[in-house]
Amino acid sequence: MASSDAQMEKMKVRQNYRNHWHTDLLRAPQSDPLFCCFSLWCGPCASYILRKRALYNDMSRYTCCGGYMPCSGRCGESHCPELCLCTEVFLCFANSVASTRFMLQDEFNLQTTKCDNCIIGFMFCLQQVACIFSCIACITGNDELQEAARVLNCCSDMVYCTVCSCMQTQHKVEMNKRDGKFGARPTAAPPVQHMSRLDQPLPPTIAYAPPQQPYGYPPPPQQPPAYPPPPQQHNGYPPANYVLGGVGYPSAPQQHNGYPTTNYAPSGAGYPPPAGYPR
């Protein structure tokens, strides 16, 4: 009971996934026609290849039916995973395809589109209707019902094989995307560099185009107006009568060859001339 509740909880979680498959079931044959034909005529082999690839070719991680069935982990997978996988894809082909699909969905948060759900639901409904007609035909023994049951069984088998083939192709395309086999450019090797020579002319200057503003974004904010330039200074000193904090500084007296004039008194007292020298 707990296992079934856990499975139902996982199904509800998958409905809230945000990512989408790289291709849907309708366009899967166009994405990889060769593999679609291969999976149509040899479905178990394709399921074996895809499951092993989904496990990143690490069979030590293999669990029967991907761990989504009650028998998972109880079939001796750790001793011989390749044999167990072969048994799964041949005896439980539908479960093997579904398990690979669930593994990819849980790994990449992939949700199934409404169109894919309709196709899968139509396949299940057609199988149920064919089974019901077969049971009624066996009980009543009516030849017309038996013929209708055979036609429905044939149609349901054709739809089942076609949908499984498209589904496995969808899985392969998704893993191609995961492994970077398309859509990403390979990194090119840098060109050979040569040392510049003195006689080699300089390359022309190439001007870069101004950056374009992305569509839908607001324009960049305008720069504030320029501030007024600071007052001119003379050799790093303030000019004459430069007022600092409300106090004016007097200009220095004129000097002669870098020496102060006679009787220059910075503190208000004059210095007398030295003795022996004329005034």
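1. Overall make-up. The model is a predicted one. It contains eight helices and four strands. In sequence order these elements follow the pattern α-β-α-α-α-α-α-β-α-α-β-β. The protein has 279 residues, of which 25% count as buried.

2. Surface and contacts. The accessible surface of the protein is about 21200 Å², and carbon and sulfur atoms account for 62% of that area. Taking contacts between residues at least 6 apart in sequence, 67% join residues that are at least 24 apart.

3. Helix 6, burial. The buried residues of helix 6 include Phe 93, Ser 96, Val 97, Ser 99 and Thr 100. Arg 101, Met 103, Leu 104 and Gln 105 are also buried in this helix. Arg 101 and Gln 105 come up again below as contacts of Thr 112.

4. The end of helix 6. Asn 109 is placed in the loop between helix 6 and strand 2. Most residues other than glycine have a negative phi, and Asn 109 is a residue other than glycine. The backbone here is therefore worth a look on screen, with phi of Asn 109 near 55° and a relative accessibility of 37%, so that Asn 109 counts as partly exposed.

5. Cys 65. A positive phi is found here too, near 60°, again in a residue other than glycine. Cys 65 belongs to the loop between helix 4 and helix 5 (81–91). Is Cys 65 buried or exposed? At 3% relative accessibility it counts as buried, because the cut-off for that class is under 20%.

6. Thr 112. This residue is in the loop between strand 2 (110–111) and helix 7 (114–140). Its relative accessible area is 17%, so Thr 112 is buried. Which residues does Thr 112 contact, leaving aside its neighbours within four places in sequence? They are Trp 21, Arg 101, Gln 105 and Asn 117. With Gln 105 there is a polar contact between the side chains, at 3.3 Å.

7. How many aromatic pairs does the structure hold? There are two. One of them joins Phe 35 and Phe 38, with 5.9 Å between the ring centres and 50° between the planes, a tilted arrangement. Both residues lie in helix 3 (residues 33–41), three residues apart, or about one turn of the helix. In an α-helix there are 3.6 residues a turn, so residues three or four places apart point the same way. Phe 35 is buried, at 10% relative accessible area, whereas Phe 38 is partly exposed, at 33%.

8. Aromatic pair between helices. Phe 93 and Tyr 160 form an edge-to-face pair, with centres 6.5 Å apart and planes at 80°. Phe 93 is in helix 6 and Tyr 160 in helix 8 (residues 143–178), so this pair ties together parts that are 67 residues apart in sequence. Phe 93 has a relative accessibility of 17% and so counts as buried.

9. Charges over rings. Lys 172 lies over the face of Phe 35, 5.4 Å from the ring centre. Phe 35 is also a member of the tilted pair with Phe 38. Over the ring of Tyr 56 sits the charged end of Arg 178, at 4.0 Å from the centre.

10. Lys 52. This residue is part of helix 4 (residues 43–54). Its relative accessibility is 30%, so Lys 52 counts as partly exposed. Not counting residues up to four places away in sequence, Lys 52 touches Asn 57 and Met 59. Lys 52 and Tyr 62 are 10 residues apart along the chain, and their C-alpha atoms are separated by 8.2 Å.

Note on methods: Residues are numbered from 1 along each chain as its sequence is written. This is a predicted model: local features need pLDDT of at least 70, side-chain atom pairs count only at pLDDT 80 or more; totals for chains, interfaces and linings use all residues. Side-chain values use heavy atoms; hydrogens and water are left out. Helices (H or I, at least four residues) and strands (E, at least two) are DSSP runs, numbered from the N terminus. Buried means under 20% relative accessible area, exposed over 50%, partly exposed in between (1.4 Å probe, protein chains only). Contact means heavy atoms within 4.5 Å. Accessible areas come from the Shrake-Rupley method with a 1.4 Å probe; for residues, only the protein chains shown count as cover. A polar contact is a pair of N or O atoms within 3.5 Å; within protein, one must be able to donate a hydrogen and the other to accept it, and residues adjacent in sequence count only if both atoms are side-chain atoms. Rings of Phe, Tyr and Trp (its six-membered ring) pair if their centres lie within 6.5 Å; planes under 30 degrees apart count as stacked, over 60 as edge-to-face and the rest as tilted. A charge sits over a ring if NZ of Lys or CZ of Arg is within 6 Å of the ring centre and within 35 degrees of the ring normal.
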